[in-house]
Amino acid sequence: MSTPMIDIKNLKKSFGNKIVLSNMNLSVKKGESLVIIGGSGSGKSVMLKCILGLLHPDSGTIHVDGQDIVQMGSRGRKRILDKIGMLFQGAALFDSLKVWENVAFGLIQGQGLNKKDAKEIAVEKLGRVGLTADVGELSPAELSGGMQKRVGLARAIAGDPEIIFFDEPTTGLDPIMADVINDLIVECVKDLGATTLTITHDMASAHKIADRVAMLYHGEIIWEGDKARIENSGNPYVEQFVSGSAQGPIQMDLMKN
Amino acid sequence: MKNPLVIVGRIILGALSEFGRLFIFTATAVSHVFRPPIYWRLIGQQMWLIGYNSLPVVGLTALFTGAALAQQIFVGGSRFNAESVVPGVVVIAIVRELGPVLGGLMVAGRVSSAMAAELGTMRVTEQIDALTTLSTDPFKYLIAPRLLAAVFTLPMLVLVANILGVMGGFLIGTERLGLNGASYLQVTADFLERADVYSSMVKAGVFGFFIALMGSYHGYNSRGGAQGVGKATTNAVVSAFIAILLSNLIITVIVFGEIS
């Protein structure tokens, strides 16, 4: 068996006395698309930030492509980050730059490509997500939410990454645009042959892009399995989440008080 | 009722850890100023934003202050028939203290707040995280250019402020108070020493550093949406003001304490 692309062991992270990740274990095989589902505040974003090195975990190890990124220096981490693309929840486009400069940012700053070549690639990637070259000349603030997400996707795939993270790719979009984004994600990932890790609470999106699904609850993975098994997981937490019911073992914070 | 010692202790611990965070932030930021890659285009852009756009407000502040100063010194000095000290006192007051301090405060009001708001918004919209995922160090890309630009731009602004401040005094002195223009300039030149100008430039550079540092620090570390950004903006301006006034006092005591 080959080493997993992402391997998380006993990851713990707390802020003050609030435990966000209690003991998380997860591994993603090369070329696999894993979707992590879980409610708000279940620690999904914190987990992603730990993998990206934006947050330092309290304990545990995270291996990306066989290398432990928790102990790694900044130069090694930069090499790992070069292999990673990320689509942020709010797209996180740089509003001081034009759309094409956003897409080309990693190519110019990270890989040192010259402006002309980078722009060519940027326009090609924009075409990949269904946007024309003249959209590239606009500023991000002039775009609708769905278009911003597409630009964010183009930026994430611009460097032909081996690993892509999607942070709630469909949040804030109408169901049709959400489906368009899901299709684009599936296509782009297939083209690149990338390993992907998606966090979402949108079950339609999970159905579409996942090979495998894992559920995060109170900082732990409480269930994981193939997409086909999600409807009859036998796990009451997963069943409640999938059916979207207020009744069940998962109690929202507002009910506790 | 809580034990007052607990409250005092908590406040002191909170202040110490804030200073620790600020110190680490400063050390990281400064270390990135000297390590390549250096983003010249961004430095130029920031110098334009900080310098050129602050010229009107800094210039007017200095002009009006110099003029008001000349009027007051004339009124005060006339009690002892000492109207002739007006040019000397104006130039010393402007170059040593008012030019750099008022200029620094005006720029802090404009620039620290703008930096904190911009970086704070980038923080809450995850743009700063996005930089990291695109293999770009936010300290290098966002903070180092701001620090460098401010340190080099403020002395130029203060130089302009000093000249306009003296000119304000000159205008009131010659047009309203009946002082002789040629002798006004002569006295000004006689009173002004090279050390005054140097200390003025050093102060300006230090103030520029604090202006960019406070704007960046509070913006970079802002939390919690629009309200957090608003708080960061206020804190940036207030802390930049305090840093400017305190460092001004320290530099003044070091440079001019010996002479007296």
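**Domains, sheet and chain contact**

Analyst: In this predicted model, the centres of domain 1 of chain A and domain 2 of chain A, taken over C-alpha atoms, are separated by 27 Å. Domain 1 is made up of residues 1-83, 162-171 and 193-257, while domain 2 covers 91-160.

User: What makes E6(A) and E10(A) edge strands of their sheet?

Analyst: The sheet is open and has six strands in the order E6-E7-E8-E3-E9-E10 (chain A), with mixed pairing. Strand E6 (84-87) and strand E10 (220-226) each have a single partner strand, so one side of each is left without a neighbour in the sheet. On average, neighbouring strands of this sheet are turned by 15° against each other, direction ignored.

User: How do you know that E6(A) and E7(A) are paired?

Analyst: Two strands count as a pair if there are at least two bridges between them, and E6(A) is joined to strand E7 (residues 163-167) of chain A by four bridges, the two running parallel. Within this pair, Gly85(A) stands opposite Ile164(A), and Met86(A) stands opposite Phe165(A). On its other pairing, E7(A) meets strand E8 (residues 195-200) of chain A in the parallel sense over five bridges, where Phe166(A) has Thr198(A) as its bridge partner.

User: What makes E7(A) a mostly covered strand?

Analyst: A residue is called buried if 20 or more other C-beta atoms lie within 10 Å of its own, and five of the five residues of E7(A) are buried. Ile163(A), Phe165(A) and Asp167(A) point one way from the strand, whereas Ile164(A) and Phe166(A) point the other way, and all are buried. In a regular strand the side chains alternate between the two faces of the sheet.

User: How many residues of chain A are in contact with chain B, and which helix supplies the largest share?

Analyst: Contact requires C-beta atoms within 7 Å, and 15 residues of chain A are in contact with ten residues of chain B. The largest share of this side of chain A, four residues, comes from H3(A). By class, the side of chain A that touches chain B has nine nonpolar, four polar and two charged residues.

Note on methods. Residues are numbered from 1 along each chain as its sequence is written. Chains are lettered from A and ligands numbered from 1 in the order in which they are written. This is a predicted model: local features need pLDDT of at least 70, side-chain atom pairs count only at pLDDT 80 or more; totals for chains, interfaces and linings use all residues. Axes are lines fitted to C-alpha atoms, for helices over the stretch in contact, and angles run from 0 to 180 degrees between N-to-C directions. Two residues are in contact if their C-beta atoms, placed from the backbone, lie within 7 Å. Ala, Val, Leu, Ile, Met, Phe, Trp, Tyr, Cys and Pro count as nonpolar, Asp, Glu, Lys and Arg as charged, and the others, Gly among them, as polar. Domain bounds come from an automatic or database domain assignment. A residue is buried if 20 or more other C-beta atoms lie within 10 Å of its own, exposed if 12 or fewer, and partly exposed in between; C-beta atoms are placed from the backbone.
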